[in-house]
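Please open the structure in your viewer and keep the sequence panel beside it.

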Amino acid sequence: MPICRLNENKIYFPKPTSARWDGLLAVGGDLSVERLLYAYTHGIFPWYNPGEEILWWCPARRFVIFPKEIHVSRSMKKYMKKHELKLIQNRDFADTMHRCRMKREFNEGTWISDEMEEAYYRLHKAGCAVSVEIWEDGELAGGFYGVSIGQCFFGESMFSEKPNGSKMALISYAHILEQEKFLFIDCQFHTEHLESMGGRYISWDYYNKLLKKGTRHAGRSISGFSGQ
């Protein structure tokens, strides 16, 4: 079955369950705030290399971390108790996202292009994308950014300026998300790093049930997908 090509002038997606075996659902469209919100509330996200057309993904199995299941090793607990840690949200979203880009670009290459930075900054200004930093003894240790809608958090990318910086940021933020009754942290794709922190696969049906529950009372009105 050919991959659906999106129309830039019409915001819609095919049914998430029509995604290809590897999770690829559609190509094209744009990165407007409206389309991004539309996508995330239906389990869809963009991921593509700079210079390519926009690719939209919706894997059948979802890799998530449930906030209450965040794993903190004994050595990490010991380390975190030894230092003064401060978690800061939305200090400078653009800076946090750019740090994620630079770290990935230096180490392994990145999908975070100028276009992506601009799009997620617009999403941040709309109140639906957040940046998180952890400061260790007064120095920036690491952080990440993601999309936050209702009681669902969708992680995008992380960075570390010090050893375990991104881990400490995620651990600290997961505790906050648990207190605020968030249902899951969507990791999008599996990594050993996230698995070691409690990440696990769940079925699409279970994920979709949680997604609908978590975004049902989101503050912003978002229309449903066409189902075509």
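Helices (H or I, at least four residues) and strands (E, at least two) are DSSP runs, numbered from the N terminus. The model is predicted, and local features need pLDDT of at least 70, side-chain atom pairs count only at pLDDT 80 or more, while totals for chains, interfaces and linings use all residues. Residues are numbered from 1 along each chain as its sequence is written, and side-chain values use heavy atoms, with hydrogens and water left out.

**First stop: the sheet around E4**

Strands E3 and E4 run antiparallel and are joined by 2 bridges; two strands pair if DSSP finds at least two bridges between them. Next, select the 4 strands of this open sheet, which follow the order E1-E2-E4-E3 with mixed pairing. Its edge strands are E1 (4-6) and E3 (45-46), each of which pairs on one side only.

**Second stop: the sheet of 7 strands**

Now select the open sheet of 7 strands, ordered E6-E7-E8-E9-E10-E5-E11, again with mixed pairing. E6 (85-89) and E11 (200-202) stand at the edges with a single partner strand each, so one side of each has no neighbour in the sheet. From one strand to the next, the twist averages 35 degrees. Within this sheet, E7 and E8 run antiparallel and are joined by 8 bridges. Select Val-130 to find one such partner: its bridge partner in E8 is Gly-146.

Move to Ser-131, in strand E7 (residues 129-136). Is Ser-131 buried or exposed? Ser-131 has a relative accessible area of 0% and is buried (buried means under 20% relative accessible area, exposed over 50%, partly exposed in between, with a 1.4 Å probe and protein chains only). Beyond its neighbours within four places in sequence, Ser-131 has contacts that include Ile-88, Asp-92, Phe-93, Thr-96 and Tyr-145; contact means heavy atoms within 4.5 Å.

Select His-98 in helix H3. With 33% relative accessibility, His-98 counts as partly exposed. The C-alpha atoms of His-98 and Ala-129 are 14 Å apart, although 31 residues separate the two along the chain.

Then display H1 and H4, which pack at an angle of about 80 degrees with their axes 9 Å apart. Axes are lines fitted to C-alpha atoms, for helices over the stretch in contact, and angles run from 0 to 180 degrees between N-to-C directions. H1 is therefore roughly perpendicular to H4 (65 to 115 degrees, whereas under 35 is roughly parallel, over 145 roughly antiparallel and the rest oblique). Val-33, Leu-36, Leu-37 and Tyr-40 of H1 meet Ala-119, Tyr-120, Arg-122 and Leu-123 of H4.

**Last stop: the nonpolar cores**

Which residues have the most contacts inside the largest nonpolar core? In this core of 47 residues, they are Phe-13, Trp-56, Tyr-120, Leu-123, Phe-154 and Phe-184. A nonpolar core is a set of buried Ala, Val, Leu, Ile, Met, Phe, Trp, Tyr and Cys residues joined through side-chain atoms within 4.5 Å. The elements that each supply at least two residues of this core include H1 (33-40), H4 (114-125) and E9 (152-160). H1 gives the most to this core, with 6 residues.

Finally, select Phe-154: not counting residues up to four places away in sequence, Phe-154 touches, among others, Tyr-40, Phe-184, Tyr-207 and Leu-211.
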